[in-house]
Amino acid sequence: MEGRKKEVFKNGLISAAKSTNALILTAGNNIGTMKLVGDAVGQGQFLVKEGNSFSRGLRLIGLTSWGYVKNNKDLLNLDPNELHNASYNSNVEILPRDNVPLNHDHTHFLVN
């Protein structure tokens with residue numbers, strides 16, 4: 001999609017998600033429609049107060065396969081006794097027939 005069509009899609013998606021409190025599902029990658037949906041959620045994201053903390057108002061869930069995620073080893077927690085904050089770069093070059101990085105605007109991932 002280009003220009004105005006892209007903006008209409010993103011605005012419509014965010015408006016529908018906000019008004020229905022919807023969960024949005026994609027394959028979670030940083031390419032094509034999944035990237036476009038991630039960009040929309042990133043632009044439309046807002047915070048919701050829950051008690052003494054805040055959470056994201058839009059939830060974008062990526063359903064993906066571990067074997068297709070580029071640099072998936074960067075997401076591993078090698079020490080189960082420590083909390084692991086992954087340092088993952090989703091802005092890497094995507095080569096033909098190569099694994100694809102995850103989109104950073106997704107709030108959750110389910111991996112098989």
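1. Helix α2 (residues 32-44) lies across β1 and β4, at about 155° to β1. Contact means heavy atoms within 4.5 Å. Axes are lines fitted to C-alpha atoms, for helices over the stretch in contact, and angles run from 0 to 180 degrees between N-to-C directions. Helices (H or I, at least four residues) and strands (E, at least two) are DSSP runs, numbered from the N terminus.

2. The model is predicted: local features need pLDDT of at least 70, side-chain atom pairs count only at pLDDT 80 or more, and totals for chains, interfaces and linings use all residues. Residues are numbered from 1 along each chain as its sequence is written, and side-chain values use heavy atoms, leaving out hydrogens and water.

3. The sheet is open, with three strands in the order β1-β4-β5 and parallel pairing. β1 (23-26) and β5 are the edges; each has a single partner strand, so one side of each lacks a neighbour in the sheet. Twist averages 25° from one strand to the next.

4. β1 and β4 run parallel, joined by four bridges. Ile24 has Leu60 in β4 as its bridge partner. Two strands pair if DSSP finds at least two bridges between them.

5. Lys70 sits in the loop between β4 (59-64) and β5 (108-111). Is Lys70 buried or exposed? Lys70 counts as buried, because its relative accessibility is 14% (buried is under 20% relative accessible area, exposed over 50%, partly exposed in between; 1.4 Å probe, protein chains only). Not counting residues up to four places away in sequence, Lys70 touches several residues, including Tyr88, Glu93 and Asp98.
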